[in-house]
Amino acid sequence: MSKVLAFDFGASTGRAIKAEYNGENLKYSEVHRFENIPVYENGHLCWDFDYLLGEVKKTVEKCGDIDALAFDTWGVDYGLLDENDRLLGMPVNYRDERTGNMPEKIFEKISPYDLYRATGNQIMAINTLFQLAAEHRKNAKTLLFMPDLFVWALCGNKSAEKTIASTSQMYDFNNGCWNYEIARLAGMNSDILQPLADSSTVAGEYNGIKVIRAAGHDTQCAVAAMPSEKEKCCAFLSCGTWSLIGCECDSPVLTEKSMLDELSNELGANGKINYLKNISGLWLIQEIRRNFKGRGREYSFNDMEQLARASRSFACFIDPDSPEFAAAGSMPEKIREFCEKTNQSVPESDGALVRCIYESLAMKYRFALNQLSENTGREFDVLHLLGGGTKDSFLCRLTANSLGIPVVAGPTEATALGNILLQLVALGDIKDIDEGRALIRKQECVKLYQPEDAESWKKAYKKFCASALRNKNK
């Protein structure tokens, strides 16, 4: 029997999930949860790495007898070490404002399409390349992405696990290596990039416990636990603070249309290309709830869902990825201003605001899935909705209705389960991801949502494209 510990870090919380596998059944439970609150250092929004590492060590000590542990986090962020292997300050948060004009500076050296063709990532100011261009710590000798930083802190291994490296805008998908020429465009010494390492490999030991590289990128952990069947043409939606909707491909899609459609190639833990779109996700619901609370109206997430259900459908839409919605604060005002300037009905009640967010997310998923179909030539017949969003039955229902295909919701703990499965592969308990997915299908509960009211949603989607998206490809 193998006992493993999966550390799953999100943008607001960290969790530790302990699992036991006896060769047939997998049992798991959350053993620790802690806040991940950004802090300011030298005027920059940062991650409190020392605190987070302290929580990791506290959890390991609490759990006692385990065979292995692994980490997964969000993409793009990193820590820097100096020549003496000391951390050069706290890792900067991707929501810090330092990267605002960095893409334009890089485009003075390379065209957007040449950059996309070389690296495959959706061009976003938060990507590692642009963060490095804004980097004020020029004396760095080592770059470690967030999951790799935890690995180094525990066992001293310096490497770049491939799935997390593939989010950086510096990875060469055609050749499976770093693109050092692109990395140097940021004005940093490309020697700071560490050797690439495969998922499901052992990095070292900490107090007799194997430290494993699972898939450092949380999205790839979630996709690893997708209970898909090979005969289905399926898409996935990893739904949490961010929504990532995509499909598995055998090779990257690096066309100009793919770039203009803002689609991204990322490496999966099984070596497949996860071709996807990043969409602002439940962050919008979380943030407007925080805004309501600040104004004396404290709602549970269930309260907000009920308010939305009671509000008129298809009254107005936003583009969830419009830049004004990326920053914290004043979400109700931002939504109303967006609707007013796009000549739509302006939502006045809290329920109308929340319903606007929900329906807009569901519509943006349809928009993105259409783009995926156009760029891959596939017609998808099922969507696997993974992660925390599976607990939101209203969003699951709206997503099925919007897409017009069945939505299989679950597992809720997809990210942690993927982390666990990849550790079991490294330990030799299961053969590969396909065997892990079969285990998930056998033991995890999922819920099927069938699409309803197709004509109403088709009509509303045209309204969404004409108002919220305006000049985007429809």
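**Close-up views of aromatic contacts and a mixed sheet**

F338 is buried, with a relative accessible area of 1% (buried: under 20%; exposed: over 50%; partly exposed in between; 1.4 Å probe, protein chains only). The model is predicted, with local features requiring pLDDT of at least 70 and side-chain atom pairs pLDDT 80 or more, whereas totals for chains, interfaces and linings use all residues. Residues are numbered from 1 along each chain as its sequence is written, and side-chain values use heavy atoms, without hydrogens and water.

**View A. Aromatic pairs.** The whole structure contains 18 aromatic pairs (Phe, Tyr and six-membered Trp rings with centres within 6.5 Å; planes under 30 degrees apart are stacked, over 60 edge-to-face, the rest tilted). The ring centres of Y171 and F173 lie 5.0 Å apart with planes at 85°, so this pair is edge-to-face. Y171 is buried at 3% relative accessible area, and F173 at 10%. F325 and F338 form a tilted pair, with centres 5.7 Å apart and planes at 50°. F325 is buried at 0% relative accessibility.

**View B. Charges over rings.** The charged end of R289 sits over the ring of F301, 4.3 Å from its centre (NZ of Lys or CZ of Arg within 6 Å of the ring centre and within 35 degrees of the ring normal). Likewise, the charged end of R366 sits over the ring of Y461, 4.6 Å from its centre.

**View C. The open sheet.** Seven strands follow the order β17-β18-β16-β15-β19-β20-β21 with mixed pairing (strands: DSSP E runs of at least two residues; pairing: at least two bridges). β20 (residues 407–409) pairs with β21 in the antiparallel sense over 3 bridges, and V407 has Y449 of β21 as its bridge partner.

Technical notes: Helices (H or I, at least four residues) and strands (E, at least two) are DSSP runs, numbered from the N terminus.
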